[in-house]
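Here's a quick briefing on charged side-chain pairs. Have a look at the model first, then read on.

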Amino acid sequence: MILIVDFGSQTAHLIGRRLRQLGIEYRYIDPETVMSEVKAHQPTGLILSGSPAFVTNETRIDIDSKIYDLGIPILGICYGWQLMADQLGGTVSGAYREYGPEKLLVKKAKLGLKAQNYQVIMSHGSSVTKLPAGFSVVGQTEQGEHAMAMNPTKKWYGVQFHPEADHTEGGLELLADFALKECGETAQPLDLNPEHLIAELKQQLGDTAQVLCAVSGGVDSTVAAFLLGKAIGKRLVPVYVESGLMREGTVERVKAIFTKQVKASLVVIDARKEFMTALKGVTDPEQKRKAIGKLYVELFQKEAAKHPAVEYLGQGTIYSDVIESKGSKHASQIKSHHNVGGLPKDMKLKLIEPLRSFYKDEVRELGRRAGLPEELVMEQPFPGPGYAIRVRGEVTPERLAQVKQADQIVIEEITAAGLYDKVFQCFAIMSGAMSTAVKGDERVFAEVVAIRAYESNDIMTSQWAHLPHQVLERLSRRIVNEVPQVSRVVYDITTKPPATMEWE
Ligand code: XMP
């Protein structure tokens, strides 16, 4: 087993995800308890993750330096590398920062990488400026002399970039080499057999418990409900809340899915008015998410009261939702996903979330293997709070109607160009920025619509889609012409990191 010391980086959980993909056993631990965990688990190696903390100021999170006496390989990633360098006598300073993709020049083939250029993902505000004794440089970036270094005698490695990020070329090979060759681990393939999950659910829920399952028509909640349906049959009560914040036609789609695929009768709660009231005057994105989450749960609890045998609330929460809503001790909170951060403390229902430890692509694979049709498992994700987080500032009925119309145009045009399946998500945003336009000889001061389209596998990193200019041109022309009160259209060309996918 490899122990991953979690210092709280947003991508720390991807380290385990990659090891899982490689079939290598791992366990996350906190830096504070490293030596007792080492004693308990006898790992073959340690990986020190990145962190929102800085080695050089009061946010620093330390680790017992006895780890350097264990005689096992250590890989430090980003903050992990800086901490290791500092503890071993090197120097860390705020000399330069790199956020997003950078070119890494590997000078000597090592850790599964060849002596060539790789595009790697960086996200750091300080760096190693002097190597500790015994270390030599393996690779560098334009600014970063010590982007990759090693002490071959001790099998200690440091990388400033994130090999766990999907958009780091050679990242998986690097982790595989560290785990298999340096640590001597052996690979066991990942179990994505839905039958095993169904059996676990059956056991957990017993013979009588009923589950009220929140569904949105998206991949996650549909796969979760499908697995629950297979485990408990008619004891599953799927509920769809019509918030008015979802894409046009969603209710019809959800009804069709539940009648045909899950074979459960769907309860639809029409709460469009309640949602608009709850969002009135709310401009802060976190407040929006909380208001929406709170209303959802209230509606579910009200519905649950009509089904006295219901003990559980089923949700399609997946691993990235949990992580982004503060999944580990040192992680800083990016946003509270409504299904994680919005749940009240006094909730009467117990939670059941069959997909809580799976990533999007694994959820798709589970759904596919369980028998859901391809177009359903490949559906683009749509956020739970829906268009509310795509209208920056207050969600008024007018702006909600505008974003829906603009979004429909984005989907139509990207689908017509044969690109819908090639991008992870594509959508329109009411940016909140106002600018001038001249429409029919009249000067108008109206809102700027932004378009975001990008490629991603695991949600944590993404590259903006290089859409053909003709497609962008059609999108722009149609949106300014067809959507009222829009002055111009801009295309977002920012990678994640640093930018998140949604604007709020
Ligand atoms: P970000 O903006 O964090 O988005 O890069 C990552 C993925 O999560 C979706 N997203 C949400 N989904 N509730 C959800 O159910 C939320 O509050 C939320 N915020 C973002 C987003 O659409 C993307 O797929």
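**Salt bridges at a glance**

Asp-220 is buried, at a relative accessible area of 13%. Keep in mind that this is a predicted model. Across the structure there are 28 salt bridges, and a few of them are worth a stop here.

**Helix to helix**

- Asp-220 pairs up with Lys-360 through a side-chain salt bridge, at 2.9 Å from N to O.
- Asp-220 sits in helix 6 (residues 219–232) and Lys-360 in helix 12 (residues 360–370), so this contact ties together parts that are 140 residues apart in sequence.
- Lys-360 is buried too: its relative accessible area is 5%, which means it falls under the 20% cut-off.

**A partly exposed pair**

- Arg-368 and Glu-374 form another salt bridge, with 2.9 Å between the closest N and O atoms.
- Glu-374 comes out as partly exposed, at 42% relative accessibility.
- Arg-368 is also partly exposed, with a relative accessible area of 29%.

**A buried pair around the strands**

- Arg-452 makes a salt bridge with Asp-492, where the closest N and O atoms are 3.4 Å apart.
- This one links distant parts of the chain: Arg-452 belongs to strand 18 (residues 442–455), while Asp-492 is in the segment after strand 20 (486–491), 40 residues apart.
- Both Arg-452 and Asp-492 are buried.

Methods. Residues are numbered from 1 along each chain as its sequence is written. This is a predicted model: local features need pLDDT of at least 70, side-chain atom pairs count only at pLDDT 80 or more; totals for chains, interfaces and linings use all residues. Side-chain values use heavy atoms; hydrogens and water are left out. A salt bridge is a side-chain nitrogen of Lys or Arg within 4 Å of a carboxyl oxygen of Asp or Glu. Helices (H or I, at least four residues) and strands (E, at least two) are DSSP runs, numbered from the N terminus. Buried means under 20% relative accessible area, exposed over 50%, partly exposed in between (1.4 Å probe, protein chains only).
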